[in-house]
Amino acid sequence: MHSDVEHLRRKSLQLCSSIAARFDEIESADYPLASPKELIVLFSQILSAIEKKIRIVSSVNELVVAQRLLEFYSSLFQFFDGANIERTPRALVKTIEFLIKVISSDATVLPSPIHEYNYSIVEIGGPILKAVEHFIPDIQKDFPFKGPVNCISFPYVERDNILMHTVLGHEIGHPIADEFLDDDEESKAFKSKQENTVEEIRALVDNNSPEKPLFAFQQQQVCLTRVLKIRRRALEEIISDCVSVMLYGPSAMFAMNDLLSNDLDSPPAPPRFYPPSRMRLRYIYKIMCDKKYVDTIMAMVDKGSTVSLCIESTKEFLSHIKSITETTDDQSAVEKDALCKIAFEWVILSMNDALEFLNERLKSVNYDAVLISNQVPELLMRLGLGIPPNEIGSPDNIQTVDWRSSMLAGWMYNIAGITVPYDSNENVNAHHHEIINRLTMKSIEYSLLANDYQTNTDSKLEET
Amino acid sequence: MSVLGSQEIKGFLNRDDIAERLVITPLLDSNQVGASSVDVRLGNEFIVTRRGGLPSIDPTNEASVYHQYQTKRHVNFKEKFYLHPNELVLASTLEYIRLPKDLTAYVTSRSSWGRVGLVIATAVAIAPGFTGCITLELVNLGEVPLILYPGARIAQLVIEECKGGSQYTGKYSCHTGPQYANVFNDKDMAYFAKKRR
C-alpha cells in the first residue's frame with residue numbers, strides 16, 4: 001500500500017545513508033589542517049540526529065524539510081572534495097590559517113580548490129546552524145565552532161601558482177569589510193548622509209518626472225536601494241583589496257593587477273555591481289604608498305646582476321601601475337550614470353573612515369616595509385642561484401625571513417622575466433615560472449617549520 | 001679526495017659568497033653537522049607504488065608513464081608513514097641542498113635506522129653543483145613495518161672535495177621533493193634496446 005509519508009521516509013533515509021557513505025570516504029583522506037575532519041565529525045553527528053528524527057516524524061511537511069536539509073548537506077561536499085593534502089598545498093593553507101587566526105582567533109578555515117576560475121570566501125557555520133536549529137533544537141549549545149567557519153576557494157588550475165594566492169588576502173578582507181560596513185551602517189554619520197542622498201535622489205527624480213508624485217516616490221526608493229547597493233559593493237571590494245595589500249604587501253598588488261587589468265573602466269553593472277578595476281587599483285596603490293612599500297622599492301639599489309635586474313624591473317612595473325591609476329577614465333565612466341556618481345562620491349567619503357579602521361584592525365599583522373629592504377635583496381640572490389628564498393645570512397648567523405618577503409621575492413623575480421637559476425644566455429619559459437613557484441612555496445613551508453621548530457624546542461628546553 | 005670533517009663542512013657552509021657556498025636549508029639544528037657528515041631529515045612527500053594495470057617498466061617504452069605506476073602522497077609533520085617489509089618508496093630529504101662546484105657528496109643510511117632494516121638510498125652519488133632536495137629510495141628490509149615521521153633525521157650526507165667539477169644542470173635540478181624515475185630520457189637507450197635487422 002502506497003503512503004506518501006513512508007515513501008518520503010524511505011527516500012530520506014536512503015539519502016542519509018548515501019551522505020554518510022560520502023562522509024566516510026572524505027574522512028579517510030589526509031588534510032593539511034585539522035578543520036576538515038572536525039567539520040566532518042560535526043556533520044556526521046548532525047546527520048545521525050536528522051536520521052533519528054526522520055524515523056519518528058509522521059508528517060509529510062517535516063519529511064520534506066528533512067529532505068531539503070539533506071540536500072543542503074550534500075552541497076557542502078564541494079568544500080571537502082579538494083581540501084585534502086594532495087590537492088591543496090600546505091604552504092597556502094598554513095599562511096591563510098595564520099592570517100585568519102591573527103584577525104579572528106576563533107575562526108576556522110577550510111581552503112579548497114574549485115573548478116571555476118574564481119577566488120571566494122563563504123561562511124558556512126551560520127547557514128549550518130540556521131538550517132538545523134528548528135529540526136535539532138539542541139544543536140546551538142553543542143555547536144563546537146564558536147567563530148566563523150570560512151571556506152576559502154581558489155581555482156584548481158592555479159593550485160601550484162603560489163604567487164597568485166596572494167589574491168586570497170582579498171578574500172580574507174571580505175569579513176573585515178563586512179565588519180566595518182555593518183558598524184558604519186548603524187552610525188549617525190551614515191544615517192545623516194543617507195538623508196542627504198535621499199534629497200539628491202529626490203531632486204534627480206523630480207526633475208525627470210515632476211508631474212507624477214506617486215510614481216516619483218516609488219522611483220526614489222528604487223534609486224536609493226540602487227545607490228546603497230552600488231556603494232556597499234564598491235566598499236566591500238575596495239576595503240578587501242586594501243586588506244590584501246596590508247597583509248601580503250606588494251605581492252598582493254601584483255596579483256590583483258593580474259586579475260584586474262584586463263578591464264579597467266567598466267562601471268558597476270547588475271547583478272554584482274563591481275566597482276571599476278582602475279578605481280580599485282588606485283586604492284591599492286594608495287596603500288602601497290601609505291605603507292611605504294613604493295618608496296622602499298624605489299630606493300633599492302643593487303649592483304649584483306640578478307638582484308639589480310629584479311629591482312629595476314619591479315620599479316618599472318610600479319611606474320606602470322602608477323600611470324594606470326593616474327588616468328581617470330573610470331571616473332568619467334561612473335559619472336555618466338547619475339546614481340553611480342552619487343554612490344561613488346559617498347564611497348570616497350567613507351574610505352577615509354575605512355582606512356582608519358583598517359590601520360587599527362590590522363596593525364599587529366601588517367607587512368612591514370622595512371622587511372623589503374632588509375630581506376628581499378638576499379632572497380632574490382638565492383632565487384637566482386635556484387635556492388628557496390627562506391632565510392638570509394650564513395649558518396653562523398642565520399635568520400628565517402617573514403614568508404611574505406619570500407612571496408615578494410618570488411614576484412619580483414617573476415616580474416624580471418629571467419631564468420631560474422639565472423643564466424643570461426637562456427630564454428625564460430613556463431618551466432622557469434614553475435620553478436619560481438616551487439621554490440617560493442618551499443621557502444614558505446621552511447619558514448613556518450623553522451619558526452615552529454624553534455618555538456617548540458625552546459619551550460621544551462625551558463620545561464626540562 | 002678526502003671526506004670533509006665538521007670544521008671543513010662549517011667552513012663551506014659559511015663561505016662569504018653564497019654562489020660558492022655549501023647550502024643546506026633549513027638546518028634546523030646545528031648539531032646536524034657531525035664529525036664527518038651532515039644528518040639530513042625526511043621530507044613530507046612520498047612516491048608510492050600503485051597497484052595498477054602497468055605490467056612492467058620498460059625504459060624504451062615512453063607509454064609506460066610513471067603516473068600509471070606510482071603516485072605521490074603527502075604526510076604532515078607529526079603524522080606517520082608506514083613502510084612495509086620489502087616495500088620501495090621514494091622520499092626526499094627535507095633539506096634543500098646546493099653543492100658548490102668543488103664539492104661532491106653521497107647520501108647514506110644512519111646506522112640507527114640501518115639496524116632496524118631501513119635502506120636509505122641505492123643511488124647515492126650527488127654531482128658537484130647539484131641543486132635541490134635529494135630523492136631517497138627507501139626500502140624496508142626488516143620483518144615488521146617501520147613507522148617513519150617526516151622531519152626525522154633519517155640519512156647522512158658525506159661530503160668530499162672535487163677537482164674540476166662543473167655546474168650540474170641535469171634533469172633532477174631545482175626539485176623540492178622526490179622525483180619519479182626518469183629512465184625513459186636516457187639518450188642512448190634506444191640504441192641499446194632496438195634490435196638490428
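1. Chain B contains 4 helices and 12 strands. Of its 197 residues, 32% are buried. Among contacts in chain B with a separation of 6 or more, 78% are between residues 24 or more positions apart.

2. The model is predicted. For chain B the average pLDDT is 86, and 86% of the residues score at least 70. For the complex, the predictor gives an ipTM of 0.90 and a pTM of 0.90. Where pLDDT is low, the predicted coordinates should not be read in detail.

3. Two pairings of β7(B) can be checked. Strand β7 (residues 103-109) of chain B runs antiparallel to strand β12 (residues 153-161) of chain B, with 7 bridges between them. In that pairing Leu103(B) has Glu161(B) as its bridge partner in β12(B). β7(B) is also paired in the antiparallel sense with strand β9 (residues 125-126) of chain B, here over 2 bridges. Ala105(B) is bridged to Ile126(B) in β9(B).

4. Chain A is divided into three parts: domain 1 covers 4-159, domain 2 covers 173-361 and domain 3 covers 370-455. Between the C-alpha centres of domain 1 of chain A and domain 2 of chain A the distance is 34 Å. Their contact involves 4 residues from domain 1 of chain A and 4 residues from domain 2 of chain A. On the domain 1 side of chain A, the residues touching domain 2 of chain A are 4 nonpolar, with no polar and no charged ones.

5. Chain A has an open sheet of 3 strands in the order β1-β3-β2, and the pairing is mixed. β1 (108-114) and β2 (120-123) of chain A are the edge strands; each has a single partner strand, so one side of each lacks a neighbour in the sheet. From one strand to the next the twist averages 25°. The pairing of β1(A) with strand β3 (residues 149-155) of chain A is parallel and has 7 bridges. Within it, Pro111(A) has Ile152(A) of β3(A) as its bridge partner.

6. The contact between the chains draws 24 residues from chain A and 17 residues from chain B. On the chain A side, α17 (370-384) and α19 (430-463) each supply at least two residues. α19(A) gives the largest share of that side, 8 residues. By class, the side of chain A that touches chain B comprises 14 nonpolar, 3 polar and 7 charged residues.

7. Two cis peptide bonds deserve a look. One joins Val420(A) and Pro421(A), with omega about -10°; Pro421(A) is in the loop between α18 (403-416) and α19 of chain A. Another joins Thr25(B) and Pro26(B), with omega about -5°. Pro26(B) is in the loop between β1 (23-25) and β2 (38-41) of chain B.

8. Which residues other than glycine have a positive phi? They include Phe273(A), with phi near 55°, and Lys78(B), with phi near 75°. Phe273(A) is in the loop between α11 (250-260) and α12 (277-290) of chain A. Lys78(B) lies in the loop between β4 (70-74) and β5 (81-83) of chain B. Lys78(B) counts as exposed because it has 8 C-beta neighbours inside 10 Å.

Key: Residues are numbered from 1 along each chain as its sequence is written. Chains are lettered from A and ligands numbered from 1 in the order in which they are written. This is a predicted model: local features need pLDDT of at least 70, side-chain atom pairs count only at pLDDT 80 or more; totals for chains, interfaces and linings use all residues. Domain bounds come from an automatic or database domain assignment. Two residues are in contact if their C-beta atoms, placed from the backbone, lie within 7 Å. Ala, Val, Leu, Ile, Met, Phe, Trp, Tyr, Cys and Pro count as nonpolar, Asp, Glu, Lys and Arg as charged, and the others, Gly among them, as polar. Two strands pair if DSSP finds at least two bridges between them. Axes are lines fitted to C-alpha atoms, for helices over the stretch in contact, and angles run from 0 to 180 degrees between N-to-C directions. pLDDT is the predictor's confidence in each residue, from 0 to 100. A residue is buried if 20 or more other C-beta atoms lie within 10 Å of its own, exposed if 12 or fewer, and partly exposed in between; C-beta atoms are placed from the backbone.
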